[in-house]
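The note takes up an individual loop residue before turning to sheets, domains, core and ligand shell.

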Amino acid sequence: MRDTYRGLKVARIILENLSKKFAKIEAVRNVSLEVEDGELLVLVGPSGCGKSTTLRMIAGLEEPSSGKIYIGDRSVSGLAPKDRDIAMVFQEYALYPHMTVYKNLAFGLKMRGFPKDEIDRRVKEAAGILGITELLDRKPRELSGGQRQRVALGRTIVRKPAAFLFDEPLSNLDAKLRVQMRAELSKLHHSLKSTIVYVTHDQVEAMTMGTKIVIMKDGEIQQVGRPMEIYKRPLNMFVAGFIGSPSMNFFPARIVSANSEILIETESFRVPVPREMHHQYQNLSGREVIFGIRPEDIHSSDFMKELGEEAPVNGIVEVIEPLGPEILLDIRCGESSFVARVDPRVETELGQEIKLIFNMEKMHVFEANSPHRRIGD
Ligand SMILES: Nc1ncnc2c1ncn2[C@@H]1O[C@H](COP(=O)(O)OP(=O)(O)OP(=O)(O)O)[C@@H](O)[C@H]1O
Ligand SMILES: [Mg+2]
């Protein structure tokens, strides 16, 4: 554990083969993870995948069925939540309605017997960091949702814990405020340099905030990595579909070699594997796979000349969603359908045929069988 310039202790958190069973439900299975000192680690996954349970075990609110947790250098097994030197912020935070913001921030420290001048110093410092200094005399009902959220955060900051645990703290805010608070939390992390474990089911939040992302499904870790690393190289089809919006398109396919070419053949189209990537798929001729390509890697041939036209995929436009900087198209091609995110200059109409180019350097290939592991680099 080390001390930062603000006197905040930071600590790494280590989870070792952590499992939790509730009667027959295995909420968390064999999770091993290291949250480095000062890192903002995001736990992300669909509802029920075990995110909150993992966080609650770190906080000491839930007893692990097996496995170990270390905070700083010590094992915290058997240690009460209040002795773990961590602070947790939930989705449902409750401020004391009859107290001013100042008193809300001071309350925890007062209960712990801190001297008055130390409390005053910490409250003002936290208010400064969060930009709520001018709100200190107000009551919670006189605050906006975002301001209340900041007060809830402030209550944890004044304690100067070794680590912060956040469980979907922004989910009660409207979309615009959420984006703003997301940025503020990132800045806060940057200035506090504290260890943070942040839980969300929102992959955009995970991508934008995390220095490291952990993707969970059914109680198990699917992949750990930096956001762009996971985006570029998802290790299985679940992660590939979960990270990125709109989701990656998937097609049952077969790898075929013809002359000196390697092709991905679906029931509706054939596209060539770039020559530089041949070595990865050379020995897989005839193999059934899942072919994946992200909407943003499919272009209208009119606006992506540099990709060449060696293998355009023709399809019928079924839905048009103009978003401003881009247009989303739902395309039908034979038995397959997919989403393309094309140049905003594309002019098309429902039912029209359109010529699309897949950027095959960005293709993904997964095993046909569950858990659909990635094939190739
Ligand atoms: N106290 C409990 N008793 C029984 N089952 C529980 C309990 N708490 C959680 N579970 C179950 O454990 C699994 C994981 O729950 P958890 O709350 O960790 O999911 P989550 O990833 O946080 O989901 P969400 O995004 O919906 O908050 C779920 O199947 C849930 O129903
Ligand atoms: Mg939860």
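1. E267 counts as exposed because it has 12 C-beta neighbours inside 10 Å. The classes rest on C-beta atoms placed from the backbone: a residue is buried if 20 or more other C-beta atoms lie within 10 Å of its own, exposed if 12 or fewer, and partly exposed in between. E267 belongs to the loop between β14 (261-265) and β15 (270-272). Helices (H or I, at least four residues) and strands (E, at least two) are DSSP runs, numbered from the N terminus.

2. On the basis of the model, it is a predicted one, in which local features need pLDDT of at least 70, side-chain atom pairs count only at pLDDT 80 or more, and totals for chains, interfaces and linings use all residues. Residues are numbered from 1 along each chain as its sequence is written, while chains are lettered from A and ligands numbered from 1 in the order in which they are written.

3. Which residues does E267 touch, leaving aside those up to four places away in sequence? They are G334, E335 and S336; two residues are in contact if their C-beta atoms, placed from the backbone, lie within 7 Å. E267 and C333 are separated by 66 residues in sequence and by 9.5 Å in space, C-alpha to C-alpha.

4. G334 belongs to the hairpin of β19 and β20, which has 2 residues between the strands, and takes a positive phi near 60 degrees. Strand β19 (residues 327-333) pairs with strand β20 (residues 336-342) in the antiparallel sense over 7 bridges, and L329 has A340 of β20 as its bridge partner. Pairing requires that DSSP finds at least two bridges between two strands.

5. β19 also pairs with strand β18 (residues 313-322), in the antiparallel sense and over 6 bridges. The bridge partner of I316 in β19 is R332. The hairpin of β18 and β19 has 4 residues between the strands, and G324 in its turn has a positive phi of about 105 degrees.

6. An open sheet of 6 strands has the order β15-β14-β13-β16-β22-β23, with antiparallel pairing. β15 and β23 (374-375) stand at the edges with a single partner strand each, so one side of each is left without a neighbour in the sheet. Strand β22 (residues 364-367) and β23 run antiparallel and are joined by 2 bridges; F366 stands opposite R374 in β23.

7. The protein is divided into domain 1 (2-242) and domain 2 (249-300 + 311-375), with bounds that come from an automatic or database domain assignment. The C-alpha centres of the two domains lie 39 Å apart. Contacts link 5 residues of domain 1 with 9 residues of domain 2. On the side of domain 1 that touches domain 2, 4 residues are nonpolar, 1 is polar and none is charged. Here Ala, Val, Leu, Ile, Met, Phe, Trp, Tyr, Cys and Pro count as nonpolar, Asp, Glu, Lys and Arg as charged, and the others, Gly among them, as polar.

8. The largest nonpolar core has 93 residues, and those with the most contacts inside it are V42, L105, A163, L165, V197 and Y198. Domain 1 and domain 2 both give residues to this core, so it lies between them. A nonpolar core is a set of buried Ala, Val, Leu, Ile, Met, Phe, Trp, Tyr and Cys residues joined through C-beta atoms within 7 Å. Not counting residues up to four places away in sequence, A163 touches A11, I13, I71, I86, S194, T195, I196 and V197.

9. Around ligand 1 are F22, I25, A27, G45, S47, G48, C49, G50, K51, S52, T53 and H201; a residue is near a molecule or strand if its C-beta atom, placed from the backbone, lies within 6 Å of it. The shell divides into 4 nonpolar, 7 polar and 1 charged.

10. α1 is mostly covered, with 9 of its 9 residues buried; K51, S52 and T53 are among them. G60 follows α1 and has a positive phi near 90 degrees.

11. For the protein overall, the secondary structure comes to 9 helices and 23 strands. The C-alpha trace spans about 80 × 45 × 40 Å along its principal axes, and buried residues make up 38% of the 377 residues.
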